[in-house]
Amino acid sequence: MADVKKSLIDHDGQRLGGAGRFAYTAAGCALLLFAVIAASVSIGSVSIGLSKVWSMLGKGLSLCVRSVFSKAASQELSALISSSGESSILFRIRLPRTLLAAILGGSLSVSGYLLQVFFRNPIAGPFVLGISSGAKMVVGLVLIFFAGRIGLISSLTLVAAAFGGSLLITLLVLLFSQRVRNMSMLLVVGIMVGYICSAVTEFCITFAADHDVVNLTSWSMGSFSGADWADIRIALLVCIPGLIAAFLMIKPIGAYALGEGYARSMGVRVKTVRVLLILISSLLSACVTALAGPVSFVGIAVPHIARTLLRSSRPSYVISTSFLFGAFFCTACDLIARTVFAPTELAIGTVTSVFGAPVVIYMMISSRRNREV
Amino acid sequence: MELDFAQGFSVDYYEGGYKLISISDGSSFLVIPEGKSLPKGAPEGAVPLYQPVERIYMAATAVMCLFDALDGLGSIAFSGSRAENWYVEGAKKAMEEGRMVYAGKYSEPDYEMLVQSSCPLAVESTMINHSSEVKDKLEELGIAVLTDQSSNEPHPLGRTEWIRLYGAILDKEEEADAVMERQKAELEEALSAGKSGRTVAFFYISSSGRAVVRRSGDYVSKMIDLAGGQYAFSDIGDPDSKSSTVTLEMETFFSSVRDADVIIYNSNIDGEVKTLDDMLRKSSLLQGLKAVSEGNVWCTGQNMYQQTTELGTIIKSFSRVFSGQANGLDELPFLYRLR
């Protein structure tokens, strides 16, 4: 733990000289994000010519803008979407899926960063703290015990259940944080809460009907497969305010990251910052879990990658870079998940872990080696 | 014993009423008539089953209906599923009345209960191959384990024909023949309708919004073929794979299902859907599909997968839908129309 803390301080020590590096890194990440979005809308298991894809996208975008002012353009847009199988695939499958992966990937990374600031520990993340397990537990309870009583479980019910579960665990962690002052101990408490949630889920599964187990297992695998424009609207409605709130907090976050004593001396209300950090983080990760199921690894790894690339812990830099790199990373992983073994699709968590973990291990080893040199 | 479809077992009859059952997984069982003992020179490795074979532990859900059709539920004392999970009414009733008790699922049986009641035989599905330690433990405790291989049968009615094997164990060969004859007649009737040429999509949407279809070559896709339909996902998945389903990337799914003439929603796996709206809520992509606009969306009844004895009837229902004989109808055996 001491090493971890030292490494955060080391990074922070270099933070003021990093504006140029931030500009390069953010521009690089934005470029990567644009490239992967372009690839993601162009590539799929159904082959559509590149020129056709981009001409349909251009036409769609123009109609979309015009439809704000004109009803005729709105009707024309609907006609374009359903005019052929290819346009349906592009506008009803590829585009919403790509955008959802980008928005949620970026948000999950920012959520992970805020948790890491809160716990002053780079291994904190929605998965480690049991927030994802809490979501899974409540989804499991709904599927197993309420499905029979309320009839068919809609995806909206699952979204609400996941959201409720995430917030429940967040509130629990917040409650403990009032008593446990040591952040490492609080992290351990969070992990234990996660274990309890997993145990409750397993307990429910023992008594569940086969189809409920199938449903829960399927949901737990995480996927952007069912993405549609309604999901995008929900994601934007939740994530944009969350991200704005995170940006508004960059100054207190910067002070808090240097220690509670320092933050207090700078006039920061530490208690309020802690509550806001965990609330914003949970809101973002709950939205991701609700719309795409549990997506492992991104929340822990991306902020670490961002800090390593930036060689700085300045909150404004890390939040921006984490969002851009997280959006790129998640979109790229989703592209891999749906194309590598197409038409069979992989779970998103499988790809994020398999492709992301080695990168982080490599970065950690090489950054330690550099420090030793 | 002469078999029409099944390839996974054989039954040889010997003097004195002895029967030797050989199964494709290499196991064999010697059925010994009541009052007789293990004969000298019995085949090496054959597990003796002394008649009457009673107090059976049934952990293979698809086999329960075969015993039900043979009027042999009385031979089963232990179930691997709880009462609420049975769609075989006889089994459900037996459990509710205490004639059959839950003894843990296939991967976690209650060994003490089985040993205490001198259970002689556990009937397992091929799922037991993923929990081989359970099989070893049961055998160590003196409980014979018969792994039902009917799911590997290439012909759908091959699955049904495993009723002849259980008929041999229970001395109910005539009852087994009667079931097979009925199902063969249903199949003949379906085959006589010929090929309809209509494309058929059989799938469900999982709780994570992914499309799950039956692998091409799977018995459901074969039933669609026998019923005169053309399976919309005929080139999906390795036909020789053991897996029965494939989670499909949405673009391929959409391009295959978009112009399908008939949709059969597989509600057996993720819970029953009652109306067309229930199905459409699972994915916005399903709106506007040809079959949806034309009202050709059907749904499987929850009991379909536990009705191995009725596969011929199910094929006949499929055939009636594909050939247009079901136009104007809302319900068929094992299928109902979604409105």
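## Start with a pair of residues

Let's open in chain B of this predicted model. B:Glu124 sits opposite B:Thr147, a residue of β9(B). The strands around this spot are β8(B), covering residues 121-124, and β9(B), and four bridges hold their pairing in the parallel sense.

## The sheet in chain B

Zoom out and you'll find five strands of chain B making up an open sheet. Reading across, the order is β7-β6-β5-β8-β9, with parallel pairing.

Which strands stand at the edges? Those are β7 (101-102) and β9 (144-147) of chain B. Each has a single partner strand, so one side of each is left with no neighbour in the sheet.

## Where chain A meets chain B

Now for the contact between the chains: 33 residues of chain A are in contact with 28 residues of chain B. On the chain A side, α5 (85-119), α7 (155-179) and α9 (210-220) each bring at least two residues to the part that touches chain B. The most comes from α9(A), which gives six residues.

## How confident is the predictor?

For chain B, the mean pLDDT is 90, and 96% of the residues in that chain reach 70 or more. As for the model, the scores are ipTM 0.72 and pTM 0.78.

Terms used. Residues are numbered from 1 along each chain as its sequence is written. Chains are lettered from A and ligands numbered from 1 in the order in which they are written. This is a predicted model: local features need pLDDT of at least 70, side-chain atom pairs count only at pLDDT 80 or more; totals for chains, interfaces and linings use all residues. pLDDT is the predictor's confidence in each residue, from 0 to 100. Two strands pair if DSSP finds at least two bridges between them. Two residues are in contact if their C-beta atoms, placed from the backbone, lie within 7 Å.
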